[in-house]
Amino acid sequence: MAFVSTGYDPKEPMKDRITDIGPRKYDEFYPPVIAKNKGKWLYHEVLEPGVLVHVAESGDEVYTVRCGGARLMSVTHIREICEIADKHCDGYLRFTTRNNIEFMVDSKDKVKPLVDDLESRKFDGGSYKFPVGGTGTSITNIVHTQGWIHCHTPATDASGPVKATMDVLFDYFKSHKMPAKLRVSLACCLNMCGAVHCSDIAILGYHRKPPILDHEYLDKMCEIPLAIAACPTAAIKPAKVEFEGQKLNSVAVKNERCMFCGNCYTMCPSMPLSDQEGDGIVLMVGGKVSNRISAPKFSKVVVAFIPNEPPRWPKTTEAIKNMVEKYEANANKYERLGEWAERIGWERFFDICGLEFTHHLIDDFRDPAYYTWRQTTQFKF
Amino acid sequence: MAKHETPMLDQLESGPWPSFVSDLKQEAANRAANPNNLEYQIPVDVVEDILGVLELSFKHGRTHWKHGGIVGVFGYGGGVIGRYCDQPEMFPGVAHFHTMRVNQPGAKFYKTDFLRNLCDLWDLRGSGITNMHGSTGDIIFLGTRTEQLEEIFYDLTHKYNQDLGGSGSNLRTPADCIGQARCEYACYDTQGLCYHLTQEYQDELHRPAFPYKFKFKFDGCPNCCVASIARADMSFIGTWRDNIGIDQEAVQAYIGGELNPNANDHGDRDWGAFDIQKEVIDLCPTECMWMEDGKLMIDDKECNRCMHCINVMPRALRIGQDRGLSILVGAKAPILDGAQMGSLLVPFVKAEDPYDEIKEVIENLWDWWMEEGKNRERLGELIKRQGFQKMLEVTGIKPMVQHVQEPRHNPYIFWKEDEVEGGFDRDINEFRKHHQR
Amino acid sequence: MALDYEESKTKIVEKLTKKAKTKSKFYFSDLAKILEAKPREAKKVVNKLVEEQVLELWSSGSTSMYGLKGIGKQASAEQED
């Protein structure tokens with residue numbers, strides 16, 4: 001493996017350096033029908049799950065075929081996407097905010113060959129490469145974080161639970177039978193680098209044990225003041241500890257103050273907190289970001305803990321499927337999951353979904369907690 | 001023959017949803033075969049080792065990655081996240097496995113020649129594994145060695161005219177919805193504004209001088225498809241301030257059943273015949289719609305632009321013509337003091353190049369936050385700590401009732417001296433003339 | 001008033017060296033305080049100090065910190081020294 005230089009000289013990093021140029025400009029990548037009709041679209045219609053038509057003032061039409069996929073993607077897979085775009089779409093494509101791929105064509109007769117081509121492609125293991133769907137009142141692709149594939153503080157995996165959940169919800173991805181859209185998101189720890197706190201259903205990884213202290217190495221590997229400052233609840237103090245007859249500088253953690261965020265571990269690798277029994281999943285529901293009918297809402301915790309069960313997280317996917325089915329059967333047309341829960345009352349939501357209510361589900365974290373308690377005699381038995 | 005046995009991951013190859021495991025295996029096989037005869041710059045079996053280390057995490061229920069903070073490209077404080085495997089002897093291919101964030105194009109439109117160039121670069125110099133895309137919006141290159149970072153950056157900038165994205169205490173890579181490019185609801189050019197501000201604030205994006213992360217997101221209408229209102233320190237959400245356009249003939253077509261409501265996206269279930277009263281008029285949050293002599297009427301002054309009626313009847317109703325955007329500020333995920341939704345700061349501003357009015361708001365907020373923000377305090381938390389009034393003061397925006405859900409619940413108003421007639425300094429002797437000790 | 005670069009550099013190097021025993025990484029606001037300058041002014045100096053390899057950056061992914069190049073325990077922990 002010989003090193004191949006691009007021309008960069010490590011001794012002179014500033015030589016010919018190009019910086020601050022930003023991304024490529026969006027309009028370089030617009031398909032011609034988009035470039036021509038930008039800002040002049042009249043209306044759209046969903047022709048079937050995964051297929052949209054947008055009609056412009058000029059009478060031009062653009063047909064979009066949306067397909068799902070794993071956001072974790074190899075260059076081989078991307079090259080296959082390019083091959084499809086070259087074959088059907090003159091080399092243009094786009095991705096959506098929720099990790100779907102959209103192929104656009106400018107006439108209706110090009111739609112069926114494209115859909116057929118996409119649906120015919122399968123991985124060796126048997127799964128679809130490009131399942132068409134994810135529009136309208138379907139359950140579209142899950143947005144998520146890295147998990148065990150790449151992150152240092154996850155409390156669960158991301159790609160694994162997402163694949164398992166989408167397998168269970170696949171029928172919903174391919175159909176328009178829900179009362180309204182339902183968005184599922186996953187973040188693999190409470191720091192939520194993928195902000196999932198306003199999702200209809202949020203799958204959240206959560207640690208439940210404070211960090212383990214590697215006293216022997218702590219002062220060698222970490223700067224203690226930085227570890228202390230990293231803690232959002234001020235649970236970490238400097239401490240002298242006895243180790244094999246020696247007094248060592250280290251830290252002490254006030255366990256009852258620890259919120260299990262792992263921020264100390266980021267600053268100090270001698271404070272790991274992952275744990276097979278301690279880590280697992282929290283389910284939150286009823287959030288939304290749209291301003292449609294009601295204001296945007298935060299998701300609420302309805303299941304405090306489900307253990308990690310790789311490779312397919314059956315308890316997690318079962319709990320999600322159950323809530324989805326209850327929502328499908330009971331909500332009004334256009335009503336989001338959170339709107340439904342508020343209309344019937346959360347006591348009824350727990351009833352219908354057969355969920356147990358425990359003390360973990362009553363907010364006790366700082367000021368906002370008070371606003372979640374019931375301050376009326378209006379409740380249901 | 002696979003390098004590592006992966007019995008647990010193998011179970012994620014079945015089922016209909018695209019399997020990332022199958023994709024990783026396909027990439028491992030591709031690297032082993034090396035059809036283009038590349039001089040791979042990181043180990044050939046890197047993808048085998050990704051599968052191996054992930055299988056080990058599935059077995060242990062714990063991650064095997066360590067964080068690294070120093071690596072980056074010269075002069076930038078963002079765009080690279082350091083990663084090391086905690087079992088480097090078992091998985092030497094991923095011992096050093098850093099992430100690079102590449103700033104995605106607006107609304108994630110691509111041409112295949114550009115995407116192929118990125119693939120070729122990443123194939124040669126990295127793992128060949130990506131995220132399309134990361135949560136913030138970047139193209140994520142997942143896993144390379146330190147010595148490749150500068151080489152990749154060099155080719156990105158020199159050959160492909162392409163820069164890295166943000167991380168750390170920087171402006172994060174801004175992201176936008178598809179907007180006017182293909183959506184009739186878009187009230188401004190989201191790509192135009194997103195690109196303009198991204199270019200304008202390159203220094204803020206690459207060189208950290210903020211107390212913490214800062215996010216811009218651009219939604220073309222109140223449907224908020226990029227979730228700006230929930231996760232951006234500044235969300236720019238399209239809106240209008242005149243009347244919803246009505247095509248009465250199309251209204252009749254919906255009522256008569258010739259057109260399917262909600263752009264036909266409830267089609268796989270029988271919801272019965274469309275009922276405009278029940279499905280539109282009664283669900284209007286401000287009750288500002290009614291039928292009169294067979295015509296749909298809207299009292300636009302009372303409309304709060306929730307989009308429901310337009311979403312249900314896109315061929316009959318149109319967003320207004322006097323368009324611009326609202327700016328909401330301070331949204332963030334729950335860490336640490338709880339989640340915050342964006343709060344309305346600017347109800348309406350026109351969004352026209354060169355966007356001077358918008359940039360003035362941004363820069364006033366940044367000056368305040370950079371001076372007053374505590375380390376790792378998001379803008380939303382500073383607003384809470386110092387008060388909404390303080391933000392109005394630094395931005396020079398006039399208080400208005402649109403800023404609140406409802407007026408305050410307590411009378412504890414911190415009057416300022418210049419607001420009270422005669423000021424705070426008073427003569428005690430004058431007082432005592434009328435009030436004994 | 002623009003900050004004098006050399007003077008600023010001396011201030012920062014002295015202060016950070018003095019603190020190096022207990023702490024090697026600092027937030028941007030700490031540097032602005034050392035310089036007794038507004039953040040925007042301080043930033044120009046800090047950018048140049050990074051470019052001249054006097055300072056180096058450290059990032060947790062979500063936040064960033066600055067330190068004197070090569071100082072601190074992290075470099076060896078990351079096998080990047």
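Chain C and chain A bury about 1000 Å² between them, of which carbon and sulfur atoms give 60%. Buried area is the accessible area (1.4 Å probe) that two parts lose on being put together, summed over both. The model is predicted: local features need pLDDT of at least 70, side-chain atom pairs count only at pLDDT 80 or more, and totals for chains, interfaces and linings use all residues. Side-chain values use heavy atoms, without hydrogens and water, residues are numbered from 1 along each chain as its sequence is written, and chains are lettered from A in the order in which they are written.

At this interface, 12 residues of chain C are in contact with 11 residues of chain A (heavy atoms within 4.5 Å). The count of salt bridges between the two chains is 1. Lys25(C) and Glu223(A) form a salt bridge through their side chains, at 4.0 Å from N to O. The criterion is a side-chain nitrogen of Lys or Arg within 4 Å of a carboxyl oxygen of Asp or Glu. On the side of chain C that touches chain A, 2 residues are nonpolar, 6 polar and 4 charged. Ala, Val, Leu, Ile, Met, Phe, Trp, Tyr, Cys and Pro count as nonpolar, Asp, Glu, Lys and Arg as charged, and the others, Gly among them, as polar.

The whole structure holds 15 cavities of 30 Å³ or more. A cavity is a set of points, on a 1 Å grid over the protein atoms alone, where a 1.4 Å probe fits but cannot get out; a pocket is an open set with protein on both sides within 12 Å along at least five of seven lines; lining residues have an atom within 4 Å of a point. Grid points are joined across faces, edges and corners, and a volume is the space filled by probe spheres set on the points.

The second largest cavity has a volume of about 780 Å³. Its lining comprises 42 residues; Cys193(A), Arg101(B), Ser60(C), Gly61(C) and Ser62(C) lie nearest its centre. By class, this lining has 16 nonpolar, 18 polar and 8 charged residues.

Helices (H or I, at least four residues) and strands (E, at least two) are DSSP runs, numbered from the N terminus. Helix 5 of chain B gives the most, with 5 residues. The pocket lining divides into 15 nonpolar, 9 polar and 7 charged residues.
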